[in-house]
Amino acid sequence: ADSEPRLPIFMVSPIASEQVGSPTKHTDMDSLFAEIMRDAQAMAQATMDEPFPADTWQVKLNYMVDRRVRIYEYLLPLQLSAQLLKRRSTIGALTLEHGIKRRRKRLKAVLPKELATDAVLFEALDAVLSSEFWISLRRDQHLPVKRARAVLQRAVQALATLDPQPR
């Protein structure tokens with residue numbers, strides 16, 4: 001059960017029940033998906049807005065990993081759907097683009113300036129902290145959550161201990 005992501009029924013149920021009462025509310029899958037994504041993003045935003053412990057940037061980075069694991073695991077089915085929709089829909093593409101910009105801004109805010117301004121290191125950390133990396137660990141490599149979290153943590157720690165290079 002730990003290796004197969006499933007869409008939580010409570011994410012679809014309220015919208016589906018509205019559909020029964022109002023068949024014109026969502027005339028296509030894009031509008032239904034957009035509403036589900038708005039609700040899921042509100043939950044993700046609340047998690048990402050949790051305050052960081054007043055500690056070192058390393059502790060904050062570890063905290064960021066834990067938050068992203070919680071969000072990615074919760075949103076994994078929607079992320080997979082968004083990737084498919086991105087190819088067919090402007091809504092899917094805009095939703096993903098907005099999330100990526102927000103993710104990168106938060107990472108830059110957590111890292112010390114010398115790491116955040118090392119373009120190659122920043123891109124490597126951003127890639128490792130992306131939902132695509134998480135999806136690869138969970139879906140493609142079939143890792144359970146605990147093992148995937150350990151892989152993510154090890155990769156972030158390894159990158160964060162590299163000496164920054166000048167631009």
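Colleague: At what angle do helix 6 and helix 8 pack, and how far apart are their axes?

Modeller: The angle is about 175°, and the axes are 10 Å apart. Axes here are lines fitted to C-alpha atoms, for helices over the stretch in contact, with angles running from 0 to 180 degrees between N-to-C directions. Bear in mind that this is a predicted model, where local features need pLDDT of at least 70, side-chain atom pairs count only at pLDDT 80 or more, and totals for chains, interfaces and linings use all residues. Residues are numbered from 1 along each chain as its sequence is written, and side-chain values use heavy atoms, with hydrogens and water left out.

Colleague: What makes helix 6 and helix 8 roughly antiparallel?

Modeller: The cut-offs: angles under 35 degrees are roughly parallel, over 145 roughly antiparallel, 65 to 115 roughly perpendicular, and the rest oblique. Helix 6 packs on helix 8 at about 175°, so the pair counts as roughly antiparallel.

Colleague: Which residues make that contact, and of what class are they?

Modeller: Helix 6 brings Leu121, Ala124, Leu125 and Val128, while helix 8 brings Leu152, Ala155, Val156, Leu159 and Ala160. Contact means heavy atoms within 4.5 Å. By class there are 9 nonpolar, no polar and no charged residues. Nonpolar covers Ala, Val, Leu, Ile, Met, Phe, Trp, Tyr, Cys and Pro; charged covers Asp, Glu, Lys and Arg; the others, Gly among them, are polar.

Colleague: Why is Arg106 called buried?

Modeller: Buried means under 20% relative accessible area, exposed over 50%, and partly exposed in between (1.4 Å probe, protein chains only). Arg106 has 19%, so it counts as buried. Arg106 lies in helix 4 and, leaving aside neighbours within four places in sequence, is in contact with Gln45, Met48, Asp49, Met64 and Arg68.

Colleague: And what makes Ile100 partly exposed?

Modeller: Ile100, also placed in helix 4, has a relative accessible area of 30%, so it is partly exposed. Its C-alpha is 9.3 Å from that of Ser131, 31 residues apart in sequence.

Colleague: How do you know that Ala116 is buried?

Modeller: Ala116 is at 11% relative accessibility, so it counts as buried. You'll find Ala116 in helix 5. Beyond its neighbours within four places in sequence, Ala116 is in contact with Lys108, Leu111 and Phe122.

Colleague: What makes you say that the buried residues of helix 7 line one face?

Modeller: Those are Ser131, Trp134, Ile135, Leu137 and Arg138. Seen down the axis of helix 7, they fall within an arc of 165°, so they line one face of the helix. That arc is taken over the directions from the helix axis to the C-beta atoms.

Colleague: Which residues touch the most other members of the largest nonpolar core?

Modeller: Leu61, Leu107, Leu111, Leu129, Trp134, Leu152 and Val156, out of 35 residues in that core. Helix 3 gives the largest share, 9 residues. A nonpolar core is a set of buried Ala, Val, Leu, Ile, Met, Phe, Trp, Tyr and Cys residues joined through side-chain atoms within 4.5 Å.

Colleague: How many helices and strands does the protein chain have?

Modeller: There are 8 helices and 0 strands. Helices (H or I, at least four residues) and strands (E, at least two) are DSSP runs, numbered from the N terminus. Of the chain's 167 residues, 39% count as buried.
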